[in-house]
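Please keep the structure in view while reading.

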Amino acid sequence: MTLALRLAAKGRGTTSPNPMVGALVVRQGKVIGEGFHLRPGTPHAEILALRQAGHRARGATLYVTLEPCCHLKKRTPPCVPEIVRSGVRRVVIAMHDPNPLVKGRGIKQLRQGGISVTIGVAGPEAEELNKAYCHFMKAGRPYVTLKAGMTLDGKLATATGESRWITGVPSRREAHQLRRDVDAVLVGVGTVLADDPSLTARTGAQLETLVARQPLRIIVDSRLRTPLKARILTQQDRAKTVIATTAAAPRARRSAFEKKGLEVFTLPAVRNRVSLPALLKLLGRRGMMSVLVEGGSEVNAAMLRGKLVDHARLYMSPMLLGGQNAKGVLGGKSPARLSEAIKLRRVVTRSVGDDIVVEGDL
C-alpha cells in the first residue's frame, strides 16, 4: 500500500476535483500492474493497473488507496464492474471514499461480486494524502491553507511596506509548489495595492517560467480598488483572475473589469466587507477543492478569526524588525486574553534554507 500511495501522489496538483488514487495488481508477491489517476476525464488508477496486468489479474490481489467508484455521475465509467470482470480474488483498500455517491457502496458491490475486501490498510496515510478532497466532500467548501512569510517577530513588512524578500529562495520555491498544488490562490486588495503580485505558479532558476497548470487567482476587493493595470490581471490566457466584491462597489468599475474579460463575483457584505464564508461556499459550488490564502494581515486575521482556515504554514526568516508600525502577520484587534489565542494542532517544524517553517492544523 505504501507503493500505491507513492503512485497516487504523482497526481498531486492535477486531479482536482477528483482525489489522488494509486493502484497495484499483485500476484504471488510480484507487481504485475500499476497505475495512478492523472486528471479528470482520464482512466482511474484501478483501470490502468488492471489493463497493465491483463489476463494475469485473474486470481491476483488489487491494492488501491481509495474505495473504487460505482456511480455514473462522472466522465469515466465506474471501476467496480471492471474490477469484478477482471477476476481478481481480493481487493485491499486504504480508505472509504467520503463521496456520498460512493461511500460504502463500492465495497458492498465488490463483495456482492464474490471478491474478498480488506479496508483500512494505511488508512491515516491515505486520508492525509487526500485531506483536501475529504474536507471538500464533508464540508462542501475548499480546504483552506494560510501561508505567510514573516520575520521572527511576526512582521510581514517594514513600516514603509517593503517585504521583498523577507524569506529566502528555498522558501519561495516551496510557495510556488504550493500554488501548483491548489485550485485557487486568494489575496486581499491591500496586498495587490502594496505588492502588485502576479500570484502565478512558476519554476526555473529565477522562478520565471509559468508551470502548465495555474491556480485561479482571487482578489477580495469590496470596493473594486484593484488597479486595472495590476500584474494579477495580466496573463489571463494562462492564469485566470476573478474579483470578489459587494453590491456597494461602483458599477463603472465593475464594468471596466468585465470588459477586460474578468469575472466579478458579487457577494453579501459583512461590516462592509466581502463575506468570506459566502465566497468559500461559492468556490465549493464551483468545484474548487483547495485554496491557498496569501493575503495581507487583514485577510489573514479575517480568515483565522472566522474559523475558515484548516491549515497554516508560516515561513519565518531569521531576522527581527521590531516596532509597532511594522506590518504584523495578523491585523485587526488583539484579543484581551491568552485563552482567546488561536492555537495550532499537530504542529511540525522544519528548516528550509535559512528559514524556519512552522505548520499545523486549526
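## Handedness of a crossing

A crossing of two helices is called right-handed if the near helix is turned clockwise from the far one by less than a right angle, and left-handed if the near helix is turned anticlockwise. The term is applied below to a predicted model.

## Helices α3 and α4

Helix α3, which spans residues 79-86, and helix α4, which spans residues 105-112, have axes that come within 10 Å and cross at roughly 25°. Angles under 35 degrees count as roughly parallel, and α3 and α4 are therefore roughly parallel to each other. Their crossing is right-handed. On the α3 side the contact is made by Val 80, Ile 83 and Val 84, while α4 contributes Gly 106, Gln 109 and Leu 110. Sorted by class, this contact of α3 with α4 comprises four nonpolar and two polar residues, with no charged residues.

## Helices α2 and α3

Helix α2 (residues 45-53) also packs with α3, at an angle of about 25° and with the axes 10 Å apart, which makes α2 roughly parallel to α3. Here the crossing is left-handed, whereas that of α3 and α4 is right-handed. Glu 46, Ile 47 and Leu 50 of α2 meet Cys 79, Glu 82, Ile 83 and Ser 86 of α3, and the residues of this contact divide into four nonpolar, one polar and two charged.

Pro 40 lies in the loop between β2 (30-36) and α2. Its C-alpha atom is separated by 5.8 Å from that of Thr 15, although the two residues are 25 residues apart along the chain. Leaving aside neighbours within four places in sequence, Pro 40 is in contact with Thr 14, Thr 15, Ser 16, Pro 17 and Asn 18, and also with Arg 75.

## The second largest pocket

The second largest pocket holds about 940 Å³ of space. It is lined by 36 residues, of which Arg 12, Glu 128, Lys 131, Ala 132 and Tyr 143 are the closest to its centre. By class, the lining has 12 nonpolar, 11 polar and 13 charged residues.

The elements that give two or more residues to this lining include the helices α5 (123-129), α6 (131-139) and α7 (169-181). Strands that do so are β6 (143-151), β16 (290-293), β17 (311-317), β19 (345-352) and β20 (355-361).

Note on methods. Residues are numbered from 1 along each chain as its sequence is written. This is a predicted model: local features need pLDDT of at least 70, side-chain atom pairs count only at pLDDT 80 or more; totals for chains, interfaces and linings use all residues. Side-chain values use heavy atoms; hydrogens and water are left out. Axes are lines fitted to C-alpha atoms, for helices over the stretch in contact, and angles run from 0 to 180 degrees between N-to-C directions. Helices (H or I, at least four residues) and strands (E, at least two) are DSSP runs, numbered from the N terminus. Angles under 35 degrees count as roughly parallel, over 145 as roughly antiparallel, 65 to 115 as roughly perpendicular and the rest as oblique. Contact means heavy atoms within 4.5 Å. Ala, Val, Leu, Ile, Met, Phe, Trp, Tyr, Cys and Pro count as nonpolar, Asp, Glu, Lys and Arg as charged, and the others, Gly among them, as polar. On a 1 Å grid over the protein atoms alone, a cavity is a set of points where a 1.4 Å probe fits but cannot get out, and a pocket is an open set with protein on both sides within 12 Å along at least five of seven lines; lining residues have an atom within 4 Å of a point. Grid points are joined across faces, edges and corners, and a volume is the space filled by probe spheres set on the points.
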